[in-house]
Structure formats: structure tokens, C-alpha cells
Amino acid sequence: MLHSPEGRGRFPAALLLHGFTGTKVEAHRMYVKLSRTLAGHGIASLRFDYRGSGDSAGEFEDMTIRSEVADAMAAIKFLARHRRVNSRRLALIGLSMGGAVAAYLVARERSRFKSLVLWAPVAEGAGILDDLSTPDAVSALAETGITDHEGNLVGVQFIRQFAEMKPLREVVKSKCPVLIVHGSKDQTVPVHHADLYEKALRSPKRIVKKVIIAGADHTFNKHVWESRAIGETVDWLLETL
């Protein structure tokens, strides 16, 4: 779903990456609201579903970290070529697992992005998705190569890549400015993940801003939390794009 501002010419643009089991809409239509707000401020944006998620073809159990990075790379190439987009003014926004995918994407396309926004980003696999390592889950993986996560079938390749991923090592390869937004009461991806990103990214050559929203959970499930996350993001992109 491409959101374009009114008017003529080419606009700066952002690619939105959703989280694990999420979609291009995200919780309480948060990504829709973000894209519409960006368009109102003259910034285009592209929302899409990874293969196996939302409206996309494929099966969720075939999804891996590598497949999501490949999908994101295809999406940013599409966005950069669009006739309404200024390919020299591109940003990347990633939520949760989408934040980890964003870290890999900016490392691979380091000269393409002028700004990066991470919402509740996953910094490491430890302590996340622990239900995928229970005895029942391990037994299911051994027998069939897939296990059940809240009704979603998850494949063994995703679990292996998730445990091995190192987004902090990747994200530092890019020099673009970074905004990190996280809820202080996030129980899915604890707020210390934001601290890990900030510590890794801090450099005299890079601008980094961390915003901790008091009381907020993982997907900013109150209007005031959502509005703060969107407002901080829009202000950041207006400054850095």
C-alpha cells in the first residue's frame, strides 16, 4: 500500500517493516495512521506484508529472517524507482522484529537511507519467543520441522536464524541518524533492547535519539502512546529527510 502526499513532484519516502506475526496494518491500524500522517506532512510511505503474512502469497511456516530481509530489499527497490518518490531521500521504519530486519537492510543498502526509525526493536534473540523452545515445541520441531505459536505455524529455519541473528552488529554499518522509540512496560521486547541499540549506535559521526514512552507496552496500545510514537517519528523524519 503506497501513500502519496498531495501535490506534484517527487517526495521523500519511508518503507515500513512490520513485526513477527504482524501485517502492513499493525495493531490498532497503527501503520495506517502513521502513513496517513506522514503523507499529510509531505512524506510518502510504503506498507507491505512479508511473504506468508497478511495478504501476501506463501505460508508463514516458510518465513525466515533471510526471506524477510529479501522481501524488504525488493520493497525498497520498488519504492526508490517510483515516479513520485525522491530516491535520494529515503527512510526506513521497523517495528519489533521489523526493527531487526531494518538493521540488516540498512547494512546491505547503507548508501540508500538518510534516516532510520526503530520502534520497540529486537536486539537479540535471547529471552524473546521463549514459547518456541518449550519441550512440546522442541518435540514438534523434531518430528515435523514446524511448531505452533499462537495459531501460527513456525518453521525450524526461522527459529535457528532468529537465535543466531545479530542486528546490533549489522545496524552500525550504516551512518544514517537513528530514532529509537520504546515503551517502558514492554513485556514482549523489554526496554533494555532499546538501550542495547543506543549503546551500539552511539558515535560522534551519528545522531541517535532514544525516546522511552512511560507506561507503554510493545505496540503502544493506548491512543496517547500511539500518538507519541507517531509524533516523534514524523518530527524526526522532517528533520532528517
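Is Thr-21 buried, partly exposed or exposed? Select Thr-21 to begin the tour: at 37% relative accessibility, Thr-21 counts as partly exposed. Buried means under 20% relative accessible area, exposed over 50%, and partly exposed in between (1.4 Å probe, protein chains only).

The model is predicted: local features need pLDDT of at least 70, side-chain atom pairs count only at pLDDT 80 or more, and totals for chains, interfaces and linings use all residues. Residues are numbered from 1 along each chain as its sequence is written, and side-chain values use heavy atoms, with hydrogens and water left out.

**Two loops with positive phi**

Stay on Thr-21, which sits in the loop between β2 (11–17) and α1 (30–40). Helices (H or I, at least four residues) and strands (E, at least two) are DSSP runs, numbered from the N terminus. The phi of Thr-21 is near 70 degrees, a positive value in a residue other than glycine.

Next select Phe-220, in the loop between β9 (208–213) and α8 (223–240). Phe-220 is not a glycine, yet has a positive phi of about 55 degrees. With 0% relative accessibility, Phe-220 counts as buried.

Select residues 146–149 for β6 and 152–155 for β7. The two strands run antiparallel and are joined by 4 bridges; strands pair if DSSP finds at least two bridges between them. Ile-146 has Gly-155 in β7 as its bridge partner. Colour the two faces of β6 separately: Thr-147 and His-149 make up the covered face, Ile-146 and Asp-148 the uncovered one.

Now move to Glu-150, in the loop between these strands. The hairpin has 2 residues between its strands, and Glu-150 takes a positive phi near 55 degrees. Glu-150 is exposed, with a relative accessible area of 69%.

**Salt bridges**

The whole structure holds 13 salt bridges. A salt bridge is a side-chain nitrogen of Lys or Arg within 4 Å of a carboxyl oxygen of Asp or Glu.

Select Arg-51 and Asp-71, which form a salt bridge whose closest N and O atoms are 2.5 Å apart. Arg-51 is in the loop between β3 (44–47) and α2 (65–81), and Asp-71 is in helix α2, so the pair links distant parts of the chain, 20 residues apart. Arg-51 is partly exposed, at 40% relative accessible area, whereas Asp-71 is buried, at 12%.

Which residues are linked with Glu-170 in a network of salt bridges? Select Arg-108, Arg-169 and Lys-173 along with Glu-170 to show this network. The side chains of Glu-170 and Arg-108 meet at 3.7 Å, N to O. Glu-170 lies in helix α6 (residues 167–171) and Arg-108 in helix α3 (residues 97–108), so their pair ties together parts that are 62 residues apart in sequence. Lys-173 also forms a salt bridge with Glu-170, with the closest N and O atoms 3.3 Å apart.

To finish, compare the cover on these side chains. Glu-170 counts as buried at 8% relative accessibility, while Arg-108 is partly exposed at 45% and Lys-173 is partly exposed at 35%.
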